[in-house]
Amino acid sequence: MDRASFFSPQAGRDILAPPVSSARFSIGDVVRHRTFEFRGVVVDVDPVYANSEEWYESIPEDIRPTRDQPFYHLLAENDESSYVAYVSQQNLLADAEAGPIDHPSLDEMFEGYRNGRYRLRRSLSH
């Protein structure tokens with residue numbers, strides 16, 4: 001099977017990926033983690049795992065996701081704080097019906113929340 005590649009700043013190297021990947025979520029979608037108590041807004045999608053080896057190895061082996069699936073960069077929040085998260089597709093569920101997210105960086109990327117999702121600022125879209 002042919003593979004495409006892209007450079008990942010987080011991994012510090014080129015990442016091989018299938019030429020076509022099927023992401024379940026898009027930029028601006030509101031999601032929640034399947035196991036842990038946090039929600040977030042998708043701000044970027046990697047077609048396969050594209051973070052550091054140390055980060056991947058830090059995940060306990062019994063819950064470590066496979067690398068060959070989309071991974072999502074999220075502006076995330078829980079009851080205590082706001083942060084950026086990197087989560088595998090298998091661990092995310094749609095959560096638009098729970099309402100908007102209260103993350104301090106939302107206004108930098110999005111213009112508003114409507115119909116269960118955030119609209120990317122025009123200056124950031126292609």
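# A tour from threonine 35

Select threonine 35: with a relative accessible area of 53%, threonine 35 is exposed. Exposed means over 50% relative accessible area, buried means under 20%, and partly exposed is in between (1.4 Å probe, protein chains only). You are looking at a predicted model, where local features need pLDDT of at least 70, side-chain atom pairs count only at pLDDT 80 or more, and totals for chains, interfaces and linings use all residues. Residues are numbered from 1 along each chain as its sequence is written, and side-chain values use heavy atoms, with hydrogens and water left out.

**Stop 1: from threonine 35 to asparagine 91**

Stay on threonine 35. It lies in the loop between β3 and β4. Strand names here follow DSSP runs, numbered from the N terminus: strands are E, at least two residues, and helices are H or I, at least four residues. The C-alpha atoms of threonine 35 and asparagine 91 are separated by 7.2 Å, though the two are 56 residues apart along the chain.

**Stop 2: serine 88**

Keep asparagine 91 on screen and select serine 88. The side chains of serine 88 and asparagine 91 are joined by a polar contact of 3.0 Å. A polar contact is a pair of N or O atoms within 3.5 Å; within protein, one must be able to donate a hydrogen and the other to accept it, and residues adjacent in sequence count only if both atoms are side-chain atoms.

Is serine 88 buried or exposed? Serine 88 is buried, because its relative accessible area is 2%. Serine 88 lies in strand β6. Show what surrounds serine 88. Leaving aside neighbours within four places in sequence, serine 88 is in contact (heavy atoms within 4.5 Å) with Pro65, Gln69, Pro70, Phe71 and Tyr72.

**Stop 3: the β5 and β6 hairpin**

Select residues 71-77 and residues 82-88. These are strands β5 and β6, which run antiparallel and are joined by 7 bridges. Two strands pair if DSSP finds at least two bridges between them. A hairpin of 4 residues links β5 to β6. Pick leucine 74, and then find its bridge partner in β6, alanine 85.

**Stop 4: the aromatic rings**

Turn on the side chains of Phe, Tyr and Trp. How many aromatic pairs does a search of the whole structure find? The search finds 10. Rings of Phe, Tyr and Trp (its six-membered ring) pair if their centres lie within 6.5 Å; planes under 30 degrees apart count as stacked, over 60 as edge-to-face and the rest as tilted.

Zoom to phenylalanine 38 and tyrosine 83. Their ring centres are 5.8 Å apart and their planes stand at 65 degrees, so the pair is edge-to-face. Phenylalanine 38 lies in the loop between β3 (30-33) and β4 (39-46), and tyrosine 83 lies in strand β6, so the pair ties together parts that are 45 residues apart in sequence. Phenylalanine 38 is buried, with a relative accessible area of 12%. Tyrosine 83 counts as partly exposed at 26% relative accessibility.

Move to tyrosine 49 and tyrosine 56. This aromatic pair is tilted, with 5.0 Å centre to centre and 55 degrees between the planes. Tyrosine 49 and tyrosine 56 are buried.

**Stop 5**

Select residues 110-114 and residues 117-120. Strands β8 and β9 run antiparallel, with 4 bridges between them. Phenylalanine 110 stands opposite leucine 120 in β9. Glycine 112 stands opposite arginine 119 in β9.

Which residue in this hairpin takes a positive phi near 55 degrees? Asparagine 115 does, in a hairpin with 2 residues between the strands. Asparagine 115 is not a glycine. Asparagine 115 counts as exposed, at 75% relative accessibility.

Step to glycine 116, in the loop between β8 and β9. Glycine 116 counts as buried, at 15% relative accessibility. Glycine 116 touches Val30 and Ala96, not counting residues up to four places away in sequence.

**Last stop: the annotated span**

Select residues 22-121. UniProt places the feature "domain: Hemimethylated DNA-binding" (unreviewed entry) here. UniProt positions are given in the numbering used here, feature names are shortened, and annotations may be inferred rather than shown by experiment. The span is 10% helix and 38% strand, and its end C-alpha atoms lie 24 Å apart.
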